[in-house]
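Biologist: I have a new model open and would like to go through it slowly. Please start with the chain as a whole.

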Amino acid sequence: MSAPPRILALWAPDWPVLAAMTAEQVPGHRPAAVHDGRQVTSVSATARRQGVRRGMRRRQAQECCPELALLPADQGRDTRLFEPVAAAAESVVAGVEVARPGLLLLPAAGAGRYHGSEHALAELLVAQVIEQAGYEVQVGVADGAGAAVLAARAARIVPPGGTAAFLAPLGIGELVHVATGDAVARVPELVDLLGRLGLRTLGDLAGLPGADVLTRFGPLGGWAHRVAAGQDDQPTALRRPEPDVAVAVELDPPVERLEATAFVARRLAEELHAQMVARGVGCGRLQITARTADGVDLVRTWRTDTALGGLSAARMADRVRWQLEGWLTAQGAHRPAVGTLDDPAPAPLVSLALRAEQVLAVGAEQGRLWGEASGADLRAQRAVHRVQGLIGADAVLSVAVQGGREVRDQVHLVPWGQAAPPARPLDAPWPGRLPPPAPATVLVTPEVVQLCGQDGRRVQVDARLQVSAEPAVVWWPSRDGDAVRETPVTGWAGPWPVVQRWWGPNPHRRVYLQATLADGRAVLLALADGVWTLEAHYD
């Protein structure tokens, strides 16, 4: 098993109470605690010396420390006030993960080499946070995120390969400090159960077989075992600090002639491109926003495939020009508000804005699955852009997936390169939808076939979805005088009914059946009005 990556954790002790004291302007020398309405959830160091502990009730905490300032819990406040700490850390290392308010994670290997050593990196981070944000923090480095968090609580830099020895003597309750997200509420119960089973330290848990712990305690137990064994190899989800890049211009006089769009598009595209070059960044999407004289906002977002060369200033200008031409001629214009049914009428444009979204440093973009773009890929991309320039952006279409019950309903055609939301939401229930996997090829026109049983009679499906006979053979119609072909059925699943608009005058009823054939093919068949058709092929 490969060793987990070196992770640095930056921890601000008692952050919820520090954030609350900052927001409420409570003096630092006064004991304070955060209360969520049921119990104390965070305690300052001053209050801790007075005997106040997490989990205490309000009255019990005030008995221990009468001058205690009880402050309300507020996750939004904690997150908002932690931003200066994250920004200070990003001034040293570009890209951090905010695991929770008060805790940052970042990869330590590369940053440590850049700054000379992990010790030098830790000292620089602590100094920058104190200087820029005004808070004291602790830093720890270890193999894996969980061990790094515990190392930060101890202000230690664990040498590579020493994580297991560092974790072994720690109490099993230390898992509570490592949990983030949804696991925070469930880990205390797991820790209590492990303690009642006789596991006192992380070393005791790490000594158990990982497969047995996963079987007995589920995914949460598997996570706890990996943390205890120093094998928490989940990479950090880096937060990219680069904001969107935007440019805008007021069009005076308003633009309503197609000839004027070329000049406006090129000038604004070159300005945006120059800003991106100056910052050394690329973008994943380009948003074009225009406002008409009657107050309608027109918004369209286009993908920019950086693996295929991205968008140069010339390509960006072409995109903007094509979009403006489409809007000025009422082709493809739409209101961004949900529920709009009709496109606005053509009107002069009074303002134009471009925004580069999903901004990231050049060279940090995700690579393509099958390697870098070839010359043929780049030529094909340029050819498509050229065709769009000749016949219009909305005339070159690509296939996207949308919600729907029938296989053809799930196919949506969108202009090439446009990051348009699906016309029907994918996450809607869509009762009656075919189960996955989806077919790879959907026929434009269904092919009439005949599905028969062993007796040669056509297979029927009654109202209770019972088949009249076991599907045995598919008969294919003759082509160009050829004899009728037959292919034995080796397996089948279904049927699945789809009934749409049953309340209307023309209800649509259909039954689907999946089948594997003796020649190795897998097909999707449909029965409607007593006729079987071939709808799609599976890979």
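Modeller: Among contacts in the protein chain with a separation of 6 or more, 58% are between residues 24 or more positions apart, where contact means heavy atoms within 4.5 Å. Please keep in mind that this is a predicted model, in which local features need pLDDT of at least 70 and side-chain atom pairs count only at pLDDT 80 or more, while totals for chains, interfaces and linings use all residues. Residues are numbered from 1 along each chain as its sequence is written, and side-chain values use heavy atoms, with hydrogens and water left out.

Biologist: How many helices and strands are there in the protein chain?

Modeller: The protein chain has 15 helices and 21 strands, taken as DSSP runs (H or I of at least four residues for helices, E of at least two for strands) and numbered from the N terminus.

Biologist: And how much of the protein chain counts as buried?

Modeller: Of its 539 residues, 41% count as buried, a word used here for under 20% relative accessible area, with exposed meaning over 50% and partly exposed lying in between (1.4 Å probe, protein chains only).

Biologist: Which residues touch the most other members in the largest nonpolar core?

Modeller: They are L251, L272, M276, V320, L352, L354 and A356, in a core of 27 residues. A nonpolar core is a set of buried Ala, Val, Leu, Ile, Met, Phe, Trp, Tyr and Cys residues joined through side-chain atoms within 4.5 Å. At least two residues of this core come from each of β8 (245-255), α13 (258-279), β10 (285-292), α14 (313-328) and β12 (349-357), and the largest share, six residues, is supplied by α13.

Biologist: What is A356 in contact with, leaving aside its neighbours within four places in sequence?

Modeller: A356 is then in contact with D244, V245, L272, M276, C283 and R285.

Biologist: I also clicked on V249; is it buried or exposed?

Modeller: V249 is buried, with a relative accessible area of 16%, and its place is in strand β8. Not counting residues up to four places away in sequence, V249 touches R267, L268, S351 and L352. V249 and L354 are 105 residues apart in sequence, and their C-alpha atoms are 9.2 Å apart in space.

Biologist: Now the sheets. What is the order of the three strands in the open sheet with mixed pairing?

Modeller: The order is β3-β2-β4, and two strands are said to pair if DSSP finds at least two bridges between them. The edges are held by β3 (40-43) and β4 (69-72), each with a single partner strand, so one side of each is left without a neighbour in the sheet. Strand β2 (residues 32-35) pairs with β4 in the parallel sense over four bridges, and H35 stands opposite P72 in β4.

Biologist: Which helix lies across β2, β3 and β4?

Modeller: That is helix α1 (residues 15-24), which runs at about 105° to β2. Such angles run from 0 to 180 degrees between the N-to-C directions of axes, which are lines fitted to C-alpha atoms, for helices over the stretch in contact.

Biologist: What follows α1, in the loop between α1 and β2?

Modeller: Q25 lies in that loop, and its phi is near 55°, a positive value in a residue other than glycine. Most residues other than glycine have a negative phi. Q25 is exposed, with a relative accessible area of 71%.

Biologist: Where does the open sheet of four strands place β1?

Modeller: In the order β5-β6-β1-β7, with antiparallel pairing, β1 stands between β6 and β7. Three bridges join β5 to strand β6 (residues 103-107), and E97 stands opposite L105 in β6. Helix α6 (residues 118-132) lies across β1, β6 and β7, at about 25° to β1.

Biologist: Last topic: how many disulfides does a search of the whole structure find?

Modeller: The search finds zero, a disulfide being a pair of cysteine sulfur atoms within 2.5 Å. The sulfur of C64 has its closest cysteine sulfur in C65, at 8.3 Å, which is too far for a bond. C64 is partly exposed, with a relative accessible area of 32%, whereas C65 counts as buried at 0%.
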